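Subject: A structure for you to look at

Hello,

I am passing a structure on to you, and my notes follow below it. Please have a look at it first and then read on.

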Amino acid sequence: MFRLIEEPIDAAALREAMRRPEAGALVVFEGWVRNHHGGRPVTRLEYEAFAEMAVREGEALVEAVERDFPGVAVTCVHRCGDLVPGEVAVWVGAASAHRDDAFRAGRLVIEEVKRRLPIWKKEHHPGEAPVWVNCSEENTPVRRAADYCERQASLPEVGAAGQARLAGANVLIVGLGGLGCPAALYLAGAGVGRLALLDGSRVEYSNLHRQVLFEAGDVGGEKAVRAALALRARNPHITVEPMAADLGPGNVRPLITGRSVVLDCTDNFATRLLLHDACSEAGVPLVQAAVHRWEGVLQVFQPGGGGCLYCTGLAGSPAELEGAGNCAGAPVFGPAVGVLGLLQASEAVKCILERPATERAAAATLLLDLLATSITRIARPRRSDCPYCAAPARPKTARETEPEATLWRSRQELAEAGAHRVLILATRAEREQFGWHRDGRDCFDPTEVGSIRRAVAASPLPVVLACPHGIRSAALARALRADGEPRVYALQGGLADGPLVSPVEP
Amino acid sequence: MKATRTLQIRFFALLREQAGCSDLSVTTEATTPAGLYRELMASHGLTMPPELLTYAVNETYVPGDTPLRDGDRLTFIPPVAGG
Ligand SMILES: [Zn+2]
């Protein structure tokens with residue numbers, strides 16, 4: 001609820017109105033009129049509002065915060081007219097089941113109120129002319145975008161023209177994990193005018209050691225939304241557009257269209273190939289990184305900038321590549337994703353600045369090993385016999401697969417969908433621990449990609465892949481679909497979610 | 001002859017005081033909010049540097065280079081100071 005009022009704010013009544021049985025925390029912020037500012041006494045404040053627009057913006061703000069923090073109830077009341085020291089100018093209350101969300105939502109509301117509501121205040125000082133706050137350097141430093149990026153724009157390679165180019169740039173970051181977080185942080189800092197963030201997952205506690213945009217209080221929140229909040233706080237001069245969705249064949253083209261650069265910060269080969277092919281087809285520069293344990297790979301693909309991904313001799317299907325130890329849940333050295341993510345930001349900035357190829361990682365593949373502290377640069381020329389560059393039509397159409405939404409099968413859907421074959425992907429230790437092999441089901445070690453693929457191809461029935469938490473099975477199902485196996489699904493929630501009742505096998 | 005458009009302008013805070021009015025109807029050849037503001041700086045004695053302003057057309061924030069249409073309600077928004 002948002003209100004703009006002339007009469008004094010009744011804080012006690014507002015607080016009582018926030019009571020609800022499901023709330024375990026109420027965070028209240030009161031903005032008070034103080035009797036001094038910038039070292040001078042203040043006798044009164046005149047608040048002037050563009051009322052129609054302030055109400056509209058205020059209501060939209062409260063609605064957006066309640067949407068981004070599900071379960072949080074927000075009230076914001078702003079005063080206008082003449083106020084004297086001691087009076088409440090603005091009141092914000094956020095009630096929630098848990099304190100983390102209440103603190104964060106409440107803080108966000110007051111910061112956004114100050115940033116975007118068309119409300120102005122005029123300070124009256126005894127014996128001096130009154131002053132409009134923020135409208136002159138006299139009483140408040142004015143924060144300009146040019147000052148924000150001053151230290152970077154003063155580099156001769158950037159300059160005012162380069163900084164303007166960055167402000168006009170539009171970058172898509174796919175994946176907000178260990179790579180996407182630092183990349184986004186530094187692209188925001190570099191003053192990239194528009195940052196679009198794509199990630200359909202939520203923050204987990206085990207992400208925090210390397211995903212530097214998130215705090216413990218973000219656990220359970222949507223990554224795209226939480227990352228956008230952190231980035232807006234870091235640079236208020238840019239536009240950040242969060243999209244809580246996964247990349248798939250159905251949305252990749254509209255998502256990359258019109259971007260200055262796309263950053264691939266994902267952790268699976270199916271998405272990586274999809275992005276590579278779409279960017280290559282659309283002529284959009286792509287900065288790709290991948291990390292495994294202590295090591296990382298960085299590649300920049302752009303028209304006229306060396307060979308494509310397949311020119312590197314990358315062969316095999318996404319499924320086989322996936323099995324080569326690139327899957328979600330693998331061990332990872334935090335600084336390795338940090339370093340690679342920052343290299344992605346650095347290459348993206350140089351790409352936007354159109355720096356010469358000699359200054360960039362263009363036409364090369366960089367291999368980093370943080371355990372050995374080494375960087376290897378491998379030239380990546382375009383190959384005349386490349387299966388993609390030479391015949392681009394084939395792999396593009398081969399990867400038309402079903403949208404992500406149909407990837408998952410819940411236990412309920414399994415029971416209703418008719419006969420399926422279930423393949424269990426579990427290590428020997430997991431099978432023995434949970435006894436999944438005992439009722440005669442098909443069990444595969446998750447690394448046996450070739451066998452899994454043959455089993456899927458040979459099955460006359462649709463196949464559901466099941467693994468302990470759904471991560472491996474989803475990655476493999478995506479990869480197999482990208483390989484042209486449309487009738488393969490992943491068990492939602494994984495095996496750890498409960499017993500596999502009625503698996504509907506013949 | 002260049003095309004003109006008639007716009008309803010509202011001024012707030014410092015700009016209202018400098019312009020000497022809250023509402024103004026102008027017929028202009030300017031095509032964008034930023035372009036019109038530069039014209040009004042000269043004609044109405046507005047001193048606020050354009051880089052400090054944001055713009056709203058029909059009560060919605062817009063970039064300064066948004067094309068203006070006949071009949072738009074335009075507001076120049078000085079740095080806000082709510083809270
Ligand atoms: Zn190639």
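Before we get to the strands, one term: two strands count as paired if DSSP finds at least two bridges between them. Please also keep in mind that this is a predicted model.

One of the residues involved is R409(A), whose bridge partner in β23(A) is L491(A).

Strand β22 of chain A, residues 463-466, also pairs with β23(A) in the parallel sense, here over three bridges. In this pairing V464(A) has Y489(A) as its bridge partner in β23(A).

What covers the faces of β23(A), and are its residues buried or exposed? Strand β23 spans residues 488-491 of chain A, and both of its faces are covered. V488(A) and A490(A) point to one side, Y489(A) and L491(A) to the other, and all of them are buried. So the two bridge partners named above, L491(A) and Y489(A), are both among the buried residues, since buried means under 20% relative accessible area and each is listed as buried.

**Chain A as a whole**

Stepping back, chain A holds 17 helices and 23 strands. It has 506 residues, and 51% of them count as buried. If you look at contacts in chain A between residues at least 6 apart in sequence, 71% join residues at least 24 apart.

The mean pLDDT of chain B is 93, with 99% of its residues at 70 or more. For the model, the scores are ipTM 0.89 and pTM 0.73.

Where the chains touch, 22 residues of chain B are in contact with 26 residues of chain A. Together the two chains bury about 2,200 Å², and 58% of that lies on carbon and sulfur atoms. Three residues stand out on the chain B side: E59(B), V80(B) and G83(B) supply 27% of the area that chain B buries against chain A, more than any other three residues.

Four salt bridges are counted between chain B and chain A. For one between these chains, look at E52(A) and R10(B), whose side chains meet in a salt bridge at 2.7 Å, N to O.

Which elements of chain B supply the side that touches chain A? α1 (13-19), β4 (60-62) and β5 (73-77) of chain B each give at least two residues to it. The largest share, four residues, comes from α1(B).

**Salt bridges**

Over all chains, the count comes to 29 salt bridges. Side chains of opposite charge can pair when their charged atoms come close.

With R15(A) it forms a salt bridge whose closest N and O atoms are 3.1 Å apart. With R19(A), the closest N and O atoms of the salt bridge are 2.8 Å apart. Are these residues buried or exposed? R15(A) has a relative accessible area of 42% and is partly exposed, E16(A) is partly exposed at 40%, and R19(A) counts as exposed at 58%.

Another pair is D82(A) and R44(A), with closest N and O atoms 2.6 Å apart. D82(A) is partly exposed at 46% relative accessible area, and R44(A) is partly exposed at 29%.

There is also a network of salt bridges in chain A, which links D101(A), R104(A), E215(A), D218(A) and R226(A).

**A loop residue**

Last, have a look at N268(A), in the loop between β14 (261-264) and α10 (269-282) of chain A. Its relative accessible area is 9%, so N268(A) counts as buried. The side chain of N268(A) makes a polar contact of 2.7 Å with the side chain of T271(A).

Enjoy exploring it!

Best wishes

Methods: Residues are numbered from 1 along each chain as its sequence is written. Chains are lettered from A and ligands numbered from 1 in the order in which they are written. This is a predicted model: local features need pLDDT of at least 70, side-chain atom pairs count only at pLDDT 80 or more; totals for chains, interfaces and linings use all residues. Side-chain values use heavy atoms; hydrogens and water are left out. Buried means under 20% relative accessible area, exposed over 50%, partly exposed in between (1.4 Å probe, protein chains only). pLDDT is the predictor's confidence in each residue, from 0 to 100. Contact means heavy atoms within 4.5 Å. Buried area is the accessible area (1.4 Å probe) that two parts lose on being put together, summed over both. A polar contact is a pair of N or O atoms within 3.5 Å; within protein, one must be able to donate a hydrogen and the other to accept it, and residues adjacent in sequence count only if both atoms are side-chain atoms.
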